[in-house]
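Hi,

Here is the structure I promised to pass along.

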Amino acid sequence: MNLERCYDVIRGPVITEKSTLATEHNQVIFKVAKDSTKVEVKEAVERLFEVKVKAVNTMIRKGKVKGFRGRSGRQSDVKRAVVTLEEGHSIDITTGL
C-alpha cells in the first residue's frame with residue numbers, strides 16, 4: 001500500500017469521552033474510509049504511526065435524520081475502526097490538536 005492510500009484510508013481520530021477511556025485498554029479509534037478493509041486499516045496505521053497492530057474491529061455508524069428550520073436532512077454514514085495495539089506500543093492522538 002502506498003503512502004497516499006494510507007492517508008485516504010485513515011480520515012482522522014475520534015476524540016470522545018468513550019474513545020479516551022479506550023486508550024486504557026491500548027485501543028485507538030479512527031474514522032476510516034467506507035470502502036476500506038480491516039487489512040488496509042492495519043497496514044495504514046502500522047505505516048503511518050510506526051506501531052504494531054494486534055487487531056482491528058470496524059463498525060458503520062448510521063447517519064441520523066435531523067431537522068433544521070423545518071427541513072429534514074440526513075447525516076452521512078461514518079465508518080469507524082477500533083485499533084488494538086500490541087503491548088508496549090502507543091499512539092498519542094491529542095498532541096496534534
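Please keep in mind that this is a predicted model. I began with Asp 35, which forms a salt bridge with Arg 5, with 3.9 Å between the closest N and O atoms. This pair joins distant parts of the chain, 30 residues apart: Asp 35 is in the loop between strand S2 (27-32) and helix H3 (38-49), while Arg 5 belongs to helix H1 (residues 3-9). Asp 35 counts as exposed, because its relative accessibility is 55% and the cut-off for exposed is over 50%. Arg 5, at 22% relative accessibility, counts as partly exposed.

Arg 5 has another partner as well: it forms a salt bridge with Glu 40, and here the closest N and O atoms are 3.1 Å apart. Again distant parts of the chain are linked, with Arg 5 in helix H1 and Glu 40 in helix H3, 35 residues apart. Glu 40 counts as partly exposed, at 22% relative accessibility. Taken together, Arg 5, Asp 35 and Glu 40 are linked in a network of salt bridges.

How many salt bridges does the structure hold? There are three. Besides those described above, Arg 74 and Asp 77 meet through their side chains in a salt bridge, at 3.6 Å from N to O. Arg 74 counts as exposed, with a relative accessibility of 55%, whereas Asp 77 counts as partly exposed at 22%.

Best wishes

Definitions and conventions: Residues numbered from 1 in each chain as written. Predicted model: local features only at pLDDT ≥ 70, side-chain atom pairs only at ≥ 80, totals over all residues. Heavy atoms only, no water. Salt bridge = Lys/Arg side-chain N within 4 Å of Asp/Glu carboxyl O. Helix = DSSP H or I, 4+ residues; strand = E, 2+ residues; numbered from the N terminus. Buried < 20%, exposed > 50% of the residue type's maximum accessible area, 1.4 Å probe, protein only.
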